[in-house]
Amino acid sequence: MKRRGELSFEGILGVAFISLILATILAVAQFYKARNPSDPENHDITASYNIILTAIREDAQIAAVAEIASDSFALYNSQSDLISRYAFIGGNLHRFDKNEKGEILLKGVESVFFKTGEDLPNLLTVKIMPTDRMDIPFFTSFALRGINHDLN
Amino acid sequence: MSPKNRPVRSQVRSGTSLMELLLALAVLSAAMYPVVFIFRIGNPPRQTNQQEYTATLLAHHVIETIVARRAVNPSYLPAMSEAEPVVESAEHVEPVSQYFRNISPDNNSITEINDPQLFWTLKPYKCQIDTYYLDGNLFKAIVYITYQREGRTMKVFFERLLPQKALEINGEGEE
């Protein structure tokens with residue numbers, strides 16, 4: 001008897017197998033994107049925050065003084081040499097090294113706030129509010145360890 | 001084929017189609033489980049990560065504040081505290097944790113008025129400090145940031161060992 005319009009058992013298995021293969025490929029692609037913070041379509045903001053956290057932590061290890069402006073701050077070592085400067089320009093957070101070579105650390109920033117304490121001038125507090133209100137803000141502090149290397 | 005056999009054959013064909021349909025549903029349902037599982041491990045839940053990440057940033061803030069205070073006053077040791085809120089809210093009976101009392105631009109606690117977005121982000125979190133004196137003139141501070149997720153209390157903690165040399169020299173106690 002000629003069968004028409006119906007899937008055979010092998011056909012069903014084939015569809016299931018192809019679905020699995022496609023799902024695996026999509027999942028691997030998604031996994032790769034989640035771990036590639038430079039991908040502009042990657043919306044996991046914590047990966048970008050990790051870059052900011054690492055950069056400021058490294059600079060704070062040798063920084064002794066933080067000079068705060070409204071939308072930027074600069075870190076200096078104990079010899080008053082510039083270590084780096086972070087600035088909020090055009091909706092992006094930039095980092096400039098001592099040679100003023102810049103890089104964008106985070107895109108889609110709504111506002112930033114930097115401060116050092118009145119009683120703790122060696123504590124730099126950083127707040128970054130992302131444009132996307134569904135994303136968490138970045139809020140933490142960094143001790144400037146360049147004053148006292150025993151703290152490391 | 002005789003006309004008598006036609007209805008019988010039609011009934012047999014109909015039964016086979018239903019069985020095939022059920023079989024197809026069973027196989028595809030079974031195939032869906034690994035598909036859903038693969039998608040689950042491929043796409044970690046965003047909100048869970050972000051809650052945990054915020055707690056990590058807050059714990060980092062507390063540890064760095066302790067480090068900065070010790071740079072100013074080497075005899076400073078953090079005091080033990082219960083779980084205290086990190087923002088000021090009418091719902092909280094406990095005082096705001098001392099590490100979060102002057103973090104707003106006007107050197108006050110974060111409130112719903114002075115920074116609504118940060119207030120609602122940080123409202124679920126509490127900060128607790130545990131301290132221990134250890135052998136070898138060491139002092140251990142453990143910072144717990146706790147928050148609720150699906151009815152369970154979740155904790156992120158950082159710990160730091162602090163030498164007590166300055167404490168012995170100056171004869172000063174815990175603040």
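**Labels and their cut-offs**

Tutor: Start with a pair of side chains: B:Glu64 and A:Arg145 meet in a salt bridge, 2.8 Å from N to O. This is a predicted model: local features need pLDDT of at least 70, side-chain atom pairs count only at pLDDT 80 or more, and totals for chains, interfaces and linings use all residues. Residues are numbered from 1 along each chain as its sequence is written, chains are lettered from A and ligands numbered from 1 in the order in which they are written, and side-chain values use heavy atoms, with hydrogens and water left out.

Student: Why is the contact of B:Glu64 and A:Arg145 called a salt bridge?

Tutor: The rule asks for a side-chain nitrogen of Lys or Arg within 4 Å of a carboxyl oxygen of Asp or Glu. The N to O distance here is 2.8 Å, so the pair of B:Glu64 and A:Arg145 passes. B:Glu64 sits in helix H2 (residues 46-72) of chain B, and A:Arg145 in the segment after strand S8 (138-143) of chain A, a pair that crosses between chains. Helices (H or I, at least four residues) and strands (E, at least two) are DSSP runs, numbered from the N terminus. A:Arg57, A:Arg145 and B:Glu64 are linked in a network of salt bridges.

Student: What makes B:Glu64 and A:Arg145 count as buried or exposed?

Tutor: Buried means under 20% relative accessible area, exposed over 50%, partly exposed in between (1.4 Å probe, protein chains only). B:Glu64 has 2%, so it is buried. A:Arg145 has 4%, so it is buried as well.

Student: How do you know which parts A:Lys127 and B:Asp115 join?

Tutor: The side chains of A:Lys127 and B:Asp115 meet in a salt bridge of 2.4 Å, N to O. A:Lys127 lies in strand S7 (residues 123-130) of chain A, and B:Asp115 in the loop between strand S1 (81-85) and helix H3 (116-122) of chain B, so the pair joins two chains. Both A:Lys127 and B:Asp115 are buried.

Student: What makes A:Arg85 and A:Glu100 a link between distant parts of the chain?

Tutor: First the bridge: the closest N and O atoms of A:Arg85 and A:Glu100 are 3.2 Å apart. A:Arg85 is in strand S3 (residues 82-89) of chain A; A:Glu100 is in the loop between strand S4 (92-97) and strand S5 (102-107), 15 residues apart. A:Arg85 has 25% relative accessibility, so it is partly exposed. A:Glu100 has 41%, so it is partly exposed too.

Student: What is the phi of A:Glu100?

Tutor: A:Glu100 has a positive phi of about 65° although it is not a glycine. Most residues other than glycine have a negative phi. B:Asn137 has a positive phi of about 55° and is not a glycine either. B:Asn137 is in the loop between strand S2 (126-134) and S3 of chain B.

Student: Why is A:His94 called buried?

Tutor: A:His94 has 14% relative accessibility, which is under the 20% limit, so it is buried. A:His94 lies in strand S4 of chain A. Its contacts (heavy atoms within 4.5 Å) beyond neighbours within four places in sequence include A:Arg85, A:Tyr86 and A:Leu105.

Student: Why is A:Ile18 called exposed?

Tutor: A:Ile18 has 52% relative accessibility, over the 50% limit, so it counts as exposed. A:Ile18 belongs to helix H1 (residues 9-34) of chain A.

Student: What makes strands S3 and S4 of chain B a pair?

Tutor: Two strands pair if DSSP finds at least two bridges between them. Strand S3 (residues 138-149) and strand S4 (residues 152-163) of chain B have twelve bridges, in the antiparallel sense, so they pair. B:Tyr147 stands opposite B:Met154 in S4(B). The hairpin has two residues between the strands, and B:Glu150 takes a positive phi near 55° there.

Student: How confident is the predictor in chain B?

Tutor: pLDDT is the predictor's confidence in each residue, from 0 to 100. Chain B averages 81, and 81% of the residues score at least 70. Over residues 166-175 of chain B, pLDDT stays under 50. For the complex, the predictor gives an ipTM of 0.74 and a pTM of 0.73.
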